[in-house]
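Have a look at the model first, and then we can go through it by topic.

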Amino acid sequence: MRGVITDKIIEKSKLFLGREITQKELRLYPYIDYSIKNACQGWNYGKMDLEEIEILNKLYDENHLIYSPEKVIVSRKFYDFLQDILAESYVDEFI
């Protein structure tokens with residue numbers, strides 16, 4: 001099932017972040033990915049709830065990203081982690 005926390009995602013998040021991610025955080029990752037690849041779009045805070053903003057603040061406090069209404073900047077290590085988590089949770093294996 002897509003976008004669901006699995007044992008593998010828990011393992012990867014503990015290894016990289018030192019903590020488990022929540023379902024809400026996992027589902028925020030595609031928006032973060034979209035935003036870093038389409039910087040001119042900016043953030044739409046009207047589509048985000050308080051919990052999602054708290055997740056962004058936590059990632060900021062952990063030095064993984066910097067964000068503003070205009071753009072988001074992530075560290076290379078977080079970018080690599082993000083892509084790995086997105087592949088794990090949203091891409092079906094076909095080979």
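Axes are lines fitted to C-alpha atoms, for helices over the stretch in contact, and angles run from 0 to 180 degrees between N-to-C directions. This is a predicted model, where local features need pLDDT of at least 70, side-chain atom pairs count only at pLDDT 80 or more, and totals for chains, interfaces and linings use all residues. Residues are numbered from 1 along each chain as its sequence is written, and side-chain values use heavy atoms, leaving out hydrogens and water.

**Helix α1 with helix α4**
- Helix α1 (residues 7-17) and α4 have axes that come within 10 Å and cross at roughly 175°.
- That angle makes α1 roughly antiparallel to α4 (over 145 degrees).
- On the α1 side, the contact (heavy atoms within 4.5 Å) includes Ile9, Ser13 and Phe16, and on the α4 side it includes Phe78, Phe81 and Ile85.

**Helix α2 with helix α4**
- Helix α2 (residues 23-37) packs against helix α4 (residues 76-90) at about 125°, with the axes 10 Å apart.
- Among the residues making this contact are Leu26, Tyr29 and Ile36 of α2, and Phe78, Leu82 and Tyr90 of α4.

**A look at Ser13**
- Ser13 belongs to helix α1.
- Ser13 is buried, with a relative accessible area of 0% (buried means under 20%, with a 1.4 Å probe and protein chains only).
- A polar atom of the Ser13 side chain lies 3.2 Å from the backbone oxygen of Arg19.
- Not counting residues up to four places away in sequence, Ser13 touches Gly18, Arg19, Glu20, Ile21 and Phe81.

How values were computed:
Helices (H or I, at least four residues) and strands (E, at least two) are DSSP runs, numbered from the N terminus. Angles under 35 degrees count as roughly parallel, over 145 as roughly antiparallel, 65 to 115 as roughly perpendicular and the rest as oblique. Buried means under 20% relative accessible area, exposed over 50%, partly exposed in between (1.4 Å probe, protein chains only). A polar contact is a pair of N or O atoms within 3.5 Å; within protein, one must be able to donate a hydrogen and the other to accept it, and residues adjacent in sequence count only if both atoms are side-chain atoms.
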